[in-house]
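Good morning, colleagues. Please keep the display in view as I speak.

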Amino acid sequence: MHNWYACSHARPTFCNVCKDSLSGVTSHGLSCEVCKFKAHKRCAVRATNNCKWTTLASIGKDIIEDEDGIAMPHQWLEGNLPVSAKCAVCDKTCGSVLRLQDWRCLWCKAMVHTACMDMYPRKCPLGQCKVSIIPPTALNSIDSDGFWKATCPPSCASPLLVFVNSKSGDNQGVKFLRRFKQLLNPAQVFDLVNGGPHLGLRLFQKFDNFRILVCGGDGSVGWVLSEIDKLNLHKQCQLGVLPLGTGNDLARVLGWGPSCDDDTQLPQILEKLERASTKMLDRWSIMTYEIKIPPKHSCPTTPEGADNCQFHISAYEDSVATHLTKILDSEQHSVVISSAKS
Ligand SMILES: [Zn+2]
Ligand SMILES: [Zn+2]
Ligand SMILES: [Zn+2]
Ligand SMILES: [Zn+2]
């Protein structure tokens, strides 16, 4: 199923159903936010149902089976190629502003002429983000306990699970969600507002090793971290932050800056994230409670001991307060660690 949204197109764009132009100076029509399939409003009901693949089952009969096992073919979408598109086979210009013609792969972004397609290798190399992409061929069955079986091929060295808070930073969250689905397998991208972090983490918890990217503010990060604690996944995943909107102290401290608002930078950000180093992060539970200083006679020691007892309690309170202040005020790791230890 496609995810339609109404949009206008600044350059000539053609309907993938009836192949006619979407008319008007800026062509209005429907576009699928994941695979960019275009359709007139009247044509959308007749659109083929195959949006960007997510699982092995969704690839269907196009799957490649050879001596190396199963492999992923390109997923071609016809026409509406970017200006100055070049054919990956003959290196000549391809696409047209006059009609729906030639093809582009939704995964590796390769473009080919219809006539050249047969000469192009059939297996899709998945392109720039292949380290992060979980190929649909890897998602082939859900265990009875509700997890994906983890069968990632070597190309997917470090699968990335993406959580986006779609409510973050005005409309930024929605744009990032859309862009991540275009770049990766839509099945590895989750909207935090729509179901929270639990479902995504559960589905991927059989993967030995994966990375998580949280796009949102400190609240979103805290939410995902708590869920990781609950599911006891902290040994098999690392978490990165892409700050959206405001309230991003953690991202700032970790060196990702205060806020990201340019969704066209995502491929570069994903590459940076692949090379990023990891840091251990302490998570604190701070408990506060009121206590009554026990009256002297109930202190289970001698009268001198009772004085002593009260003295110890208030000394302890003072020292906890001092250390907490140090931890909360300091930006130096050594101070935080030594205060926490004492
Ligand atoms: Zn149409
Ligand atoms: Zn689609
Ligand atoms: Zn491809
Ligand atoms: Zn060609």
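Strand 2 and strand 3 (residues 38-39) run antiparallel and are joined by 2 bridges; two strands pair here if DSSP finds at least two bridges between them. Helices (H or I, at least four residues) and strands (E, at least two) are DSSP runs, numbered from the N terminus. The model is a predicted one, in which local features need pLDDT of at least 70 and side-chain atom pairs count only at pLDDT 80 or more, while totals for chains, interfaces and linings use all residues. Residues are numbered from 1 along each chain as its sequence is written, and chains are lettered from A and ligands numbered from 1 in the order in which they are written.

To return to the hairpin, 5 residues lie between strand 2 and strand 3, and in that turn Lys 36 has a positive phi of about 65°. Leu 30 has Ala 39 as its bridge partner in strand 3. Leu 30 of strand 2 also stands opposite Ala 6. Strand 1 (residues 4-9) and strand 2 (residues 27-32) are antiparallel, with 6 bridges between them.

Strands in the order 6-7-8 make an open sheet with antiparallel pairing. Its edges are strand 6 (76-78) and strand 8 (111-112), each of which pairs on one side only. Between strand 6 and strand 7 (residues 103-105) there are 3 bridges, and Glu 78 has Trp 103 as its partner in strand 7.

Strand 9 and strand 10 share 3 bridges, and Val 162 is partnered with Val 189 in strand 10.

Which residues of helix 4 are buried? They are Ser 220, Val 221 and Val 224. Because they cover an arc of only 100° around the axis, they are on the same side of helix 4; the arc is that of the directions from the helix axis to the C-beta atoms. On the other side, Ser 226, Asp 229 and Lys 230 are exposed. A residue is buried if 20 or more other C-beta atoms lie within 10 Å of its own, exposed if 12 or fewer, and partly exposed in between, with C-beta atoms placed from the backbone. Just after helix 4, Asn 232 has a positive phi of about 60°.

The largest nonpolar core has 43 residues, of which Val 162, Phe 163, Val 164, Phe 180 and Cys 215 touch the most other members. Such a core is a set of buried Ala, Val, Leu, Ile, Met, Phe, Trp, Tyr and Cys residues joined through C-beta atoms within 7 Å. Apart from this core lies another, of 12 residues, including Phe 14, Leu 22, Cys 32 and Ala 39. Over the 342 residues of the protein, 32% count as buried.
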